[in-house]
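User: I am new to this structure. Please show me how to read its contacts.

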Amino acid sequence: MNRFRQARNWEPLIFELGSKGRIGFLVPEPEDAAKKRVGSIDIPPEMKRTRDPELPELSEVEVVRHFTNLSQAAYGVDNGPVPLGSCTMKYNPRIAWEIAGDPRIVNLHPLQDERTVQGLLEILYELQKWLANITGMDTCILHPAAGAHGELAGVLTIRRYHEVKNQLDKKTDIIIPDSAHGTNPASAAMAGFRVIEIPSAEDGNIDMEALKSVVGESTAGLMITNPSTLGLFEEHILEIAELLHKHDAIIYYDGANLNGIMGYARPGDMGFDIAHLNIHKTFGAPHGGGGPGAGPICIKDRVVDSEKNIMLSDLAPGYRVVYDESTGLYRVKGPGEYSTGLLKAFFGNITPLIWGYVYILSMGPQGLRRVTEHAVLITNYFMKLMENVKGYNIPYGRGRFRKHEVVLSAQPMTDEVGVTAEDVAKGLLDAGFYAPTIYFPLIVKEALMTEFTETETPENVEKYAERLKEISKIAYSNPSEPKTWPRNTSVGRVDVLKANHPKHVTPTWRVHVRRMRGEIQ
Amino acid sequence: MKPLFVYWVVETRPHPWIPGSTEESLKKMLDVIGVKSITELFNDIPREVLLGEDEWNRLEIGVGRPLSEIEAKEIVDEKLAKNRVFNPPPFMGGGVYPHYVPPIVKYIISRGEFLTAYTPYQAEISQGLMQAIFEYQSMMAELLEMDIVNASMYDWSSSIAEAVLMAFRVRKGRRKILLPANMNPLHKRVVETYVKPHGLKLETIPYDRELGTVDVEALKSMIDNDTAAVYIQYPNFFGIVEDKAKAIGEIAHEKQALFITGVYPVALGILKPPGELDADIAVGEGQSLGLGMNYGGPHLGIFAIKYDMNLVRQMPGRIIGLTTTIDGGDKAFAMVWQAREQHIRREKATSNICTNEALMAVAAAVYMALLGRTGFRRLAELIYYRAHYAASRISEIGLRRVFKAEFFNEFPISFNEAGVKYSVIHEKLLEHGLHGGLYIGGYYPELGETALYAFTELHSVKAIDRLIEVLGKVIREVGR
């Protein structure tokens, strides 16, 4: 086992640091000319702040040390493997961070004259085109700020489609497999749809009989990811697409798992109408501890209303970059007459988009296909290493190769000695590895959904498998020990119940102080 | 850019971002799996959709071949040279402002432990990240004087939209929201998009044409028992301090409607915080707290509420809470109230948000820590002086502010009296190397040739003098 030890989390809260009167940043004095001319500050008394905010007072060095120390009690891909399934935690090439931080991008106001941002618009225009080619779609819109935001853009477009076709009153349902990400049903509900869940079959594909039994008049659309969260390619995809289209329903592709098929198959060729991509998964942008992301949507275009000449892509929300032949200028086109509208005020999340641009530019088609090949290779390598290991099994799709991820189950271990997927996760942390996604997908009990991506070394994957075997050994010889894990992380197991207890729950320092004063029970 | 369609390259060199791409690693893995080539692993893809290597490599993706870092950078550099960077920065706001970003902010968020981390699902190994986000929530709570702040939304506009949807859940059965005409018109479009599928009503409260403030009398006549919430923005889209903000909140509360306020956090150095106005929900844009304008993102959607379990249960987004380890020995952080979120509740969740703007929240935390207790007041005062200096000087060149009420750092300037289209002025300013304000006559046709000018700590008196000089010259040349 790795001799891992994370920095202890001894760093005090920032409110406990510093000293009265200290400042970390010098604000310039207003110029005399301004002071003389303006006189005093004349805010109406009803709106004048009378006390400074209760913020800490620190010098510059104290701020730097505080956050540097905090960073040492955090863990990212830069520290080691983060094989969270369906999260595609690949290495984030720093060349893109450098370019995205260029002042010629960072300092652009979103409402600045288009003629003064031609370089950026050209980049975004090309990115739209490249993503369309990668997905086999016609139009890509870079507007959504995250995967779930892209899903919302997609389901709102589905809604608009049925609205324009005057059939919204009967098109009320979105069908979603039980293996789907939680954002899928949540997005469908936000767009006002009813969610119909369908089961997966033993081979990991969608249960076709179940699907056929629910598709009908009321079906507005279907949201699926392919490969699925089980890491399995949906073999009936063409049949599914045909079935849905026969009922005038839209098929939506959740692009979270594109890393498993890029360069081998394209959503557009599989019959999907709308897809979202996660630039912060497939295209090398970092997750930033939870965001920012970028979740462009791509659309396979078709005529929705031939009289009014409305295309499916006209219904999508957001801005897009167009090239104006007559002036030779790139322009930003806002949502048109038939569009769903806007999902955020401005264009999109430029930093991750630039990251995606630099990534695709660097890889080229050959590189992207290779990315997928190695992502799939390392998944199957890991699966092989984990076959027939006591305590674990690999449910669904027996004998099938996986794509971007594989779902192990710790159920045998749980049933036999009471050691759970969570315990296994903590045992991995103790070896200096991040844990897989646990308890997901919901259809696998004690799930360990594992996705290494092509950027992991085979040696680390071997060590990871070794550690999983070691955990199993300990579980069977001393089942109470795993309950004491983790020990090598900055803190031991966190009290989540207390964190949520109505008498203790402390979402801010302010609540802590107010509770001490008896103002909050 | 012209891709090299003529031929495609077979790439066999090991790639720096793919450690397994050496011949040795490749062979080892294939042997263990028991296949001869990688392509066998894709055998389950139906032939009808399986792409040939040749077919794929001919697609226009990048320049059609892999590039080294050096080559890629050269290509991007060439494009970025076509962007124009203004010094002083554009005199432009409208919800996004050119502010100074202390280098420490970038330094901290560039640390790989933060930058390359996922959402902290494994708490014990992610405590530093969770503490940083908790501190963002906590410092933001002090600036706003609100109790609970979430870990972030996408931007200001999506925060308002989520606040509005939340208000409908909290005040179940009510079907109307009142939004002011003097809020950011782009924000309003976003709210419309979010609300539309639910068949709920948005009504617009007019503004006072002379003052630029919310028309309180109109509000009184519009609000009723069907109203779930009243939203105001301060400073409003015209930059004006809404001096009746507190009274508007009282009117909302009289009808048991929620009071939602949208803020520009830098202004809170001198303006009353939402908590003191008794707002139920406060939203805003955190871009001004150490983030670049980035042509519109990533920004930072602020979302805060007061401590009330009826609100908590309906709040969207992730929240980090302070707790201890199970043995009680250490302070620790955990995600709280997760039963509201999509990964647990699926279609019954309070929102579909998952990925948010966490790194931007950490940036804002660093920024707020640097400014500290007195920094916000000093910064807001500086900005106030600069903007009011500019307002005073424009009268010397025959221009006027459109509205009479007190403002913070931006104000619409009317060019109607000068008898010149704003586009002409804008063009002339560009010729002189300046980027002027935002034309708002499109959003508010009644204002005609009007542009919204904004000033921050990056617009010195010297820069403002130059703007006035050029504007004056242009007006003399092209005005009537």
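Analyst: We go through the chains, a helix pair and the domains. This is a predicted model, where local features need pLDDT of at least 70, side-chain atom pairs count only at pLDDT 80 or more, and totals for chains, interfaces and linings use all residues. Residues are numbered from 1 along each chain as its sequence is written, and chains are lettered from A and ligands numbered from 1 in the order in which they are written.

User: How many residues of chain B are in contact with chain A?

Analyst: Contact means that C-beta atoms, placed from the backbone, lie within 7 Å. Here 179 residues of chain B are in contact with 187 of chain A. Helix H13 (residues 358-394) of chain B gives the most to its side, with 25 residues. Helices are DSSP runs (H or I, at least four residues), numbered from the N terminus.

User: How do I read a packed helix pair?

Analyst: Two packed helices are described by the angle between their axes and the distance between the axes. Axes are lines fitted to C-alpha atoms over the stretch in contact, and angles run from 0 to 180 degrees between N-to-C directions. Helix H2 (residues 60-72) of chain A packs on H13(B) at about 155°, with the axes 9 Å apart. So H2(A) is roughly antiparallel to H13(B) (angles over 145 degrees).

User: Which residues of H2(A) meet H13(B)?

Analyst: Glu60(A), Val63(A) and Phe67(A) meet Val366(B), Ala369(B) and Leu370(B).

User: Where are the domains of chain A?

Analyst: An automatic or database assignment sets domain bounds. Chain A has domain 1 (14-72), domain 2 (122-357) and domain 3 (365-496). In chain A, 20 residues of domain 2 are in contact with 22 of domain 3.

Conventions: Two residues are in contact if their C-beta atoms, placed from the backbone, lie within 7 Å. Helices (H or I, at least four residues) and strands (E, at least two) are DSSP runs, numbered from the N terminus. Angles under 35 degrees count as roughly parallel, over 145 as roughly antiparallel, 65 to 115 as roughly perpendicular and the rest as oblique.
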